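I opened the notebook to look up a few places in one model. The entries follow in the order I checked them.

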Amino acid sequence: MDLATLLAHADADPAEAALAPPIYQVANFAAESADEFTSMNSGRHDRFYRRFGNPSQARLEQVMAAAEGAEAGLATASGMGAVTTTLLALVGAGDHVVAQQSMYGGTLSLLQDLAPRLGIEVTLVDQTDVAAFERAIGPRTKLVMLETPSNPLLRLTDIQAVTAIAQDRGILTFADNTVATPVNHRLVELGVDLVMHSVTKAVSGHADVLAGIVLGRRELIDRIWRTHTMAGSVIGPFDAWLALRGLRTLAMRVQRQNATAQAVARFLAEHPAVRQVNYPGLASHPQHDLAVRQMTGFGGLMSLELRGGAPAAERFIDGLGLPVRSSSLGGFRSTVVRPAAMWEQELTEQQLAAAGVPAGLVRYAVGLESEVDLIADLDRALAAVRTDEMSSSVRHGPRDQSNVSTKNA
Ligand SMILES: *Cc1c(COP(=O)(O)O)cnc(C)c1O
């Protein structure tokens with residue numbers, strides 16, 4: 001069945017008259033007998049104690065597993081909860097992890113701060129260079145962590161090539177599919193062992209839930225669940241219910257964002273005030289061929305650089321009327337942010353450039369607005385930036401720094 005159909009039917013139960021599931025706002029269930037209590041308490045159960053599982057959580061896991069083509073899933077309190085719990089379950093002191101230089105900020109902090117404190121060694125590689133993964137793998141490597149397209153530079157990882165290298169050596173692969181979603185690629189089918197999502201983003205899609213999920217073979221998910229009962233990143237039943245409600249419309253929302261983003265990216269790429277647009281759907285993207293081979297749509301996320309650098313970028317963002325200045329993505333409302341602003345208190349401009357994030361980079365995440373309105377808004381803001389540049393720059397004092405604390409977009 002097609003993904004859109006699975007989202008509507010994967011959890012259909014002929015014995016159930018209600019079309020929507022109830023919310024099990026319940027912390028613990030009672031047993032009828034000593035025997036039943038023993039069986040509730042052994043292995044993975046949805047009706048024992050909420051830290052071990054909950055029927056509302058199980059329902060979300062069932063539909064997400066169908067969407068990703070995975071056997072099983074484990075929903076968590078946040079995307080970072082899914083990443084941390086998985087890492088704690090699969091690696092320990094003395095083990096080695098290979099990951100990408102360009103990954104979600106929270107994941108990079110985990111790999112560069114928490115992992116070394118636990119005795120886990122990490123090597124970061126250029127995701128666009130398949131051979132770099134091969135070179136980084138050593139005898140103690142237990143896990144390869146991937147993210148494609150990466151945020152905010154929209155670089156791609158060749159999933160089939162990298163997972164083949166890991167599989168040859170018996171190493172597990174763990175990939176973040178938050179940006180593309182299963183609408184644009186199903187990573188289990190491409191060879192990934194474990195797929196995670198920040199459910200906070202497109203999966204729930206309505207800017208009202210914080211949640212995460214990890215999906216894969218049942219045996220692996222059961223191992224991660226065991227650690228999860230100790231780590232305690234537990235999703236609440238109402239959040240699980242809201243996330244499932246949003247998930248029902250994932251296919252149509254992401255297909256719409258794909259189409260809108262393609263039109264927006266094309267408009268930006270042709271605008272004289274824009275130096276560069278990073279979007280895998282543009283033929284100018286250095287990995288466009290891989291995008292066409294690996295993806296069925298190119299997503300709602302892009303980044304761009306203006307000719308005027310960081311000051312022009314901030315004036316541009318200020319001039320936009322529709323997208324909100326926010327760190328999230330994949331929701332109903334478009335968002336815009338200057339990624340370097342999230343780190344500029346800690347890093348110098350040179351350090352930011354070394355991390356591959358130019359100071360003037362603007363990240364634009366398309367929502368569900370009309371492409372006509374979004375493009376008209378962009379056109380107005382870009383025209384204002386150009387007019388500003390042609391007149392005196394003296395009028396512009398120091399910029400408002402209120403956006404600096406939006407870490408880990
Ligand atoms: C937001 C995000 C995360 C972290 O998810 P939270 O739900 O915020 O914990 C991980 N990966 C990507 C790509 C994200 O965008």
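I began with tryptophan 241, which is partly exposed because its relative accessible area is 22%. The cut-offs I used are these: buried is under 20% relative accessible area, exposed is over 50%, and partly exposed is in between, with a 1.4 Å probe and protein chains only. I noted that this is a predicted model, where local features need pLDDT of at least 70, side-chain atom pairs count only at pLDDT 80 or more, and totals for chains, interfaces and linings use all residues. Residues are numbered from 1 along each chain as its sequence is written, and side-chain values use heavy atoms, with hydrogens and water left out.

**Aromatic pairs**

I looked up how many aromatic pairs there are, and the structure holds five. Rings of Phe, Tyr and Trp (its six-membered ring) pair if their centres lie within 6.5 Å; planes under 30 degrees apart count as stacked, over 60 as edge-to-face, and the rest as tilted. Phenylalanine 48 and phenylalanine 52 make an edge-to-face pair, because their planes stand at 85°, with ring centres 5.3 Å apart. Both phenylalanine 48 and phenylalanine 52 are buried. Phenylalanine 238 and tryptophan 241 are stacked instead, at 6.2 Å centre to centre and 20° between the planes. I found these two in helix H10 (residues 237–247), three residues apart, about one turn of the helix. Helices (H or I, at least four residues) and strands (E, at least two) are DSSP runs, numbered from the N terminus. Phenylalanine 238 counts as partly exposed, at 43% relative accessibility. I also noted a cluster in which ring pairs link Phe37, Phe48, Tyr49, Phe52 and Trp225.

**Helix H9**

I checked the length of H9 (residues 218–231): its 14 residues reach 19 Å from first C-alpha to last, close to the 20 Å expected at 1.5 Å a residue. The expected span is 1.5 Å times one less than the number of residues. After H9 comes glycine 232, with a positive phi near 75°.

**Lysine 201**

What does UniProt list for Lys201? The unreviewed entry gives "modified residue: N6-(pyridoxal phosphate)lysine"; annotations may be inferred rather than shown by experiment. I placed lysine 201 in the loop between strand S6 (194–198) and strand S7 (212–216). Lysine 201 is buried, with a relative accessible area of 10%. Lysine 201 touches (heavy atoms within 4.5 Å) Thr178, Ser328, Leu329 and Gly330, not counting residues up to four places away in sequence.
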